[in-house]
Amino acid sequence: MNKFSKQLLTVGEMASGVSLTVPVYQLKGSGSGPSVYIQANIHGAEVQGNAVIYQLLEQLQSIELFGDITLVPYANPVACNHKNGEYTLGRFDPITGVNWNRMYHFNESLIDSVIEQHQDSDVDTIKKAFKQCMLADIQDQIDHNNYGLSTGRRIAYQLQQMAHSADIVLDLHTGPISSKHLYCPEYLTGSASHFNIPHTILIPNTFDGAMDEACFCPWWSLTQRFQKLGRNLDFNQESFTVELGSQELIDLDEALVDANSILSYLQYKNVVNSKRYVAEKMTRHACYLKDYKVYYAPMGGMVDYLATFGEELKAGEPLARILRMDNYGDGNALHYLTLEQDVIPILHFASASVNQGTQLYKLFTNYFTL
Ligand code: ZN
């Protein structure tokens with residue numbers, strides 16, 4: 001039985017002086033495998049990751065661990081509690097409007113200083129030095145930023161410190177109404193098949209402020225810079241955004257399925273030692289981020305979503321139909337929406353009532369099997 005430790009990390013303060021805290025659970029491994037950081041619920045309505053962390057904790061206590069594992073549910077205490085009527089909001093900071101998952105930090109100039117000092121060092125020395133460098137840089141941003149930090153950045157940077165200390169980072173999210181899918185950096189395509197997730201979006205080495213990017217872009221860039229110097233180094237640093245399904249839902253049975261999916265990946269990465277967790281055989285579709293298309297509602301109205309997630313929708317087949325009762329009797333009350341190419345629908349808007357221009361669907365185009 002592995003014992004876990006639990007601590008509360010203070011990530012900010014409310015107007016009344018109340019501390020904003022997140023729970024941090026840690027399990028120690030033997031030290032022979034990579035270390036892991038998993039967080040959930042940076043977006044307020046995306047709660048299923050907390051249930052997956054529960055199921056992970058339940059199982060990790062009785063498996064042999066090679067690597068240390070840190071688990072952070074309720075990673076964003078502001079967003080978690082951001083309700084409006086019956087709904088949880090929490091995708092954007094309500095004060096600034098900035099997406100909570102666009103506030104992480106990447107300082108590309110650190111790569112120059114590490115290369116300067118460690119051009120000929122071995123991979124472990126470089127890895128250690130780069131990690132220390134990134135951690136010191138973030139600590140400096142937190143401690144010595146004369147003009148302060150926004151609420152969101154203060155939370156993000158403290159989470160990022162824990163993430164940078166690890167070798168593997170999983171950021172658990174959900175879509176609005178969504179199938180399961182994985183955001184995977186292109187250089188880690190081989191790892192995507194070790195999760196039980198049927199859809200993978202392959203993303204390039206561009207930093208747009210998200211946690212997964214903040215954790216893989218530095219290592220990808222460093223690897224590329226060393227390649228130019230004639231050295232092919234593998235730092236064994238991996239980072240993914242795992243999209244677990246739909247927001248505003250907790251399903252503990254499905255969370256167990258998703259925990260097993262994560263454990264099969266961790267088994268593959270030599271973090272846990274259990275033959276119990278093996279990736280399922282399934283058809284895994286992938287597309288490049290540039291081919292992951294948003295389909296905006298061509299008109300306002302009431303939507304009857306027709307397409308099934310994860311199934312190929314042939315060109316010309318109906319994606320959805322829009323009801324316009326204002327046109328009943330003297331016009332067209334029903335409008336079928338179709339596309340001119342084959343797609344795989346991945347997620348759709350959470351409400352049936354949409355304005356023209358609402359992000360109605362997100363779809364794979366030009367997809368292929370992994
Ligand atoms: Zn999210």
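The lining of the largest cavity comprises six nonpolar, four polar and one charged residues, where Ala, Val, Leu, Ile, Met, Phe, Trp, Tyr, Cys and Pro count as nonpolar, Asp, Glu, Lys and Arg as charged, and the others, Gly among them, as polar. The model is predicted, with local features requiring pLDDT of at least 70 and side-chain atom pairs counting only at pLDDT 80 or more, while totals for chains, interfaces and linings use all residues. Residues are numbered from 1 along each chain as its sequence is written, and side-chain values use heavy atoms, with hydrogens and water left out.

A cavity is a set of points, on a 1 Å grid over the protein atoms alone, where a 1.4 Å probe fits but cannot get out; a pocket is an open set with protein on both sides within 12 Å along at least five of seven lines; and lining residues have an atom within 4 Å of a point. Grid points are joined across faces, edges and corners, and a volume is the space filled by probe spheres set on the points. Three cavities of 30 Å³ or more are present in the structure. The largest cavity, with a volume of about 50 Å³, has among its lining residues His105, Phe106, Met134, His164 and Pro218. Helix H4 (123-143), helix H5 (151-165) and helix H7 (211-228) are the elements that give two or more residues to this lining, and H4 gives the most, with three residues. Here helices (H or I, at least four residues) and strands (E, at least two) are DSSP runs, numbered from the N terminus.

The second largest cavity holds about 40 Å³ of space. Its lining includes Lys180, Glu243 and Asp258, and by class it has four nonpolar, one polar and three charged residues. Strand S12 (238-246) and helix H8 (252-268) each supply at least two residues of that lining.

Which residues lie nearest the centre of the largest pocket? They are Arg91, Asn99, Pro176, Gln359 and Lys362, from a lining of 41 residues. The space in this pocket amounts to about 1400 Å³. Strand S21 (359-364) gives the most to the lining, with four residues. The pocket lies between domain 1 (4-282) and domain 2 (291-365), because both give residues to its lining; the domain bounds come from an automatic or database domain assignment. By class, the lining has 18 nonpolar, 14 polar and nine charged residues.

Strand S8 (168-175), which supplies at least two residues of the pocket lining, pairs with strand S3 in the parallel sense over five bridges. Two strands pair if DSSP finds at least two bridges between them. S3 also runs parallel to strand S5 (residues 69-72), joined by four bridges. Ile38 stands opposite Leu170 in S8 and opposite Leu71 in S5. Five of the five residues of S3 (residues 36-40) are buried, that is, under 20% relative accessible area, with exposed meaning over 50% and partly exposed in between (1.4 Å probe, protein chains only). Val36, Ile38 and Ala40 point one way from S3, and Tyr37 and Gln39 the other way.

The cysteines complete the account. With a disulfide taken as a pair of cysteine sulfur atoms within 2.5 Å, the count is zero. The cysteine sulfur nearest to that of Cys133 belongs to Cys215, 15 Å away. Cys215 is likewise in no disulfide, as the nearest cysteine sulfur, that of Cys217, is 9.6 Å away. Cys133 is partly exposed, with a relative accessible area of 22%, whereas Cys215 counts as buried at 5% relative accessibility.
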